[in-house]
Structure formats: structure tokens, C-alpha cells
Amino acid sequence: MRVIRRQSVSLIACVFGLTACTPQRAMIPSAPTGPGLHVLFVGNSLTYVNDLPAIFEAMADSGHQRLLETRAVAKPDYSLEDHWNDGDARAAIAKGGWNVVVLQQGPSSLETSRALLIDYVRRFDDPIRQVGARTALYQVWPTSDRAADFPRANESYRLAADAVHGILFPVGEAWLAAQRIDPSIPLYAFDGLHPSPEGSYLAALVMYATLYSRSPLGLPASLRLRNGSSFGVDGAVAATLQAAAEQVTAASRAQRWVPNAGGLQKPDAPCACAATSPPSKAALKTTRKVPVDWPRHSGWKATRIT
């Protein structure tokens with residue numbers, strides 16, 4: 001849990017405006033070369049705070065699933081319109097090799113932001129399909145002081161996923177489910193916007209259950225990341241979050257409308273194993289590089305994510 005505390009201190013420093021938190025341009029990640037399931041994340045700090053892609057990888061390792069390899073183009077305050085105009089995300093997609101490209105902006109509960117979300121998801125879907133990948137939507141949550149926005153925010157992401165026949169990761173719905181089960185679990189960080197470690201753990205559970213068509217029940221509360229550090233939440237909290245993720249993904253897993261990992265990757269891809277995680281470079285045939293800006297911003301521009 002030492003890494004969690006260190007990240008929390010860094011985020012506090014950023015919010016108080018230290019010069020070291022000036023946003024920096026994220027690099028364009030290299031194309032994946034390994035035999036596993038390749039996922040590219042395109043988003044903002046709701047993706048890179050706590051390094052959600054790394055948590056997702058470690059969860060797949062612990063669940064003994066086919067190897068998962070991630071990259072990300074994640075920049076502070078960015079909407080999908082910003083990513084489209086910036087060009088880095090499109091350049092990363094065009095390199096090819098992806099099975100799934102995950103798109104994320106703010107909660108998009110307002111009519112104008114919903115329209116922009118759907119518009120730019122449609123725009124991104126064309127280059128994503130051109131490289132043989134599928135579009136996925138990472139459904140995020142409103143700020144803690146705007147709980148009434150949950151229904152419209154969740155609906156916006158469902159509409160965007162439906163518009164391109166894409167995959168939906170219903171994380172916002174899982175937050176509501178977790179809050180119904182145990183409202184004392186702190187899913188938000190202290191700023192009422194970013195995810196706490198528990199919030200990022202829940203997001204990874206939803207992605208795991210959806211993409212692999214597997215129940216998240218019984219996954220470990222503590223994970224070993226591939227960089228050698230540890231990430232974890234309390235065991236009882238983990239069980240509650242798993243129950244929430246199980247609840248919101250049950251229908252899609254039963255219908256199997258999302259192809260599982262076995263149908264999206266090379267048939268000879270090796271399975272991960274918690275006992276040998278992180279996988280060796282020989283197994284991955286590449287070095288994972290997630291261009292995160294952690295923690296590279298000193299606030300949030302509400303006009304971009306509302």
C-alpha cells in the first residue's frame with residue numbers, strides 16, 4: 001500500500017499548484033508486438049490516476065487470463081475532441097496491432113457534452129475499425145457534488161457505445177451499485193472527482209469482467225503490478241466492489257455480446273499466472289510503456305468534462 005500513499009501525496013501537491021505539475025505532452029506509444037490481448041486507452045486523468053491500465057493488466061494476470069498488454073494516450077483535462085484535434089491518439093491507433101481501443105472523457109451529462117461524446121466516438125470508430133480493432137467506452141462518473149447527474153452520464157456512454165456497436169465498460173453504473181451496497185466505501189479521491197484506489201480497482205474489475213466474460217468474484221484484493229510495485233484495497237472492500245462489478249456486468253456476460261479475449265487475440269497467446277506475474281519480457285516480446293502524466297495537472301477544467 002506504500003505506492004498508494006505516495007501517489008496521494010503527489011496528487012495533493014498538484015492540486016495546490018506546484019510548478020512540477022505543469023502538464024506535459026504525452027508521447028505516442030509504440031505499437032504492441034506481443035502475443036496477447038492489446039488494449040489502447042485514450043482518455044485523461046480519470047484513466048491515468050492510479051494507473052488504471054496497469055491495475056487492469058495485473059488483474060488479468062491474477063485471474064490467469066490470456067496475457068493483456070496495454071498502452072495509453074492520456075492527457076490532463078482532455079476530451080475526445082481535444083484528442084482528435086491533437087492527433088497523438090489517432091497516430092497511436094494508426095500504428096495498428098490493437099484489439100480494443102478504450103475511449104474516455106468526462107461524465108458528459110449535459111446535452112452539449114453528450115453530443116460531442118457521441119460525435120467524436122463516431123469519428124474515432126472509423127480509424128479504429130480500419131486497423132481491425134473494436135471501440136470500447138469507459139463510462140465514468142460525475143463529481144461527488146453532482147450525484148443527480150449519474151443517470152444522464154451513464155446514459156451518455158451507453159448511447160455512444162450503441163452508436164458504434166461498441167463495447168461498454170459500465171463503470172459509472174458499478175459506482176452506483178457499490179454505493180447502494182456500502183455507501184461508506186470511498187470511491188472518490190479527496191477532490192471529489194478523481195478515483196480513489198478503490199474507485200480505480202472497481203473500474204478494473206468492470207473491464208476485466210466485460211472483456212474476458214468472466215465473473216470478478218474471488219479476484220485478489222492485492223495485486224502485483226508489472227513494474228514490481230503493489231496495489232491493493234481492503235479485503236472486505238474488495239469483496240463488495242467485486243459484487244458491484246458482478247451485478248452490472250452479469251447481463252452482458254450472459255449474452256456474450258462482447259467477444260471474450262480468446263476471440264480477439266492470437267490462439268497461441270499464453271495465459272498469465274499470478275505465481276509468475278509480472279510476465280517476462282520474453283513472454284510479452286515488448287516493454288509496456290504507458291505514457292501517463294501522473295501527476296501532471298493542478299486542477300480540472302469543468303467546461304471540458306461536464
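Predicted model: local features only at pLDDT ≥ 70, side-chain atom pairs only at ≥ 80, totals over all residues.

Residues are numbered from 1 along each chain as its sequence is written, and side-chain values use heavy atoms, with hydrogens and water left out.

**Stop 1: colour by confidence.** pLDDT is the predictor's confidence in each residue, from 0 to 100. Its mean over the protein is 81, and 74% of the residues reach 70 or more. Select residues 1-25: pLDDT stays under 50 there, and the model has 38 contacts beyond four places in sequence for them (contact means heavy atoms within 4.5 Å). Residues 257-267 are also below 50, with 31 contacts beyond near neighbours in sequence. Among the elements, helix H12 (residues 302-305) has the lowest mean pLDDT, 34, while H8 has the highest, 98. Helices here are DSSP runs of H or I with at least four residues, and strands are E runs of at least two, numbered from the N terminus.

**Stop 2: H8 and H9.** Select residues 171-181 for H8 and 197-212 for H9; they pack at about 120 degrees, with axes 9 Å apart. Axes are lines fitted to C-alpha atoms, for helices over the stretch in contact, and angles run from 0 to 180 degrees between N-to-C directions. That angle makes H8 oblique to H9 (under 35 degrees is roughly parallel, over 145 roughly antiparallel, 65 to 115 roughly perpendicular, the rest oblique). Show side chains: Val-171, Ala-174, Trp-175 and Ala-178 of H8 meet Gly-199, Leu-202, Ala-203 and Val-206 of H9.

**Stop 3: H6 and H7.** Now pick residues 111-130 (H6) and 150-163 (H7), which pack at about 25 degrees, again with axes 9 Å apart. So H6 is roughly parallel to H7. Among the H6 residues that meet H7 are Leu-117, Ile-118 and Val-121, and the H7 side includes Tyr-157 and Leu-159.

**Stop 4: a ring pair.** The structure holds 5 aromatic pairs. Rings of Phe, Tyr and Trp (its six-membered ring) pair if their centres lie within 6.5 Å; planes under 30 degrees apart are stacked, over 60 edge-to-face, the rest tilted. Which way do Trp-84 and Phe-124 sit, stacked or edge-to-face? Their centres are 5.1 Å apart and their planes at 90 degrees, so the pair is edge-to-face. Trp-84 belongs to helix H4 (residues 80-86) and Phe-124 to helix H6, 40 residues apart.
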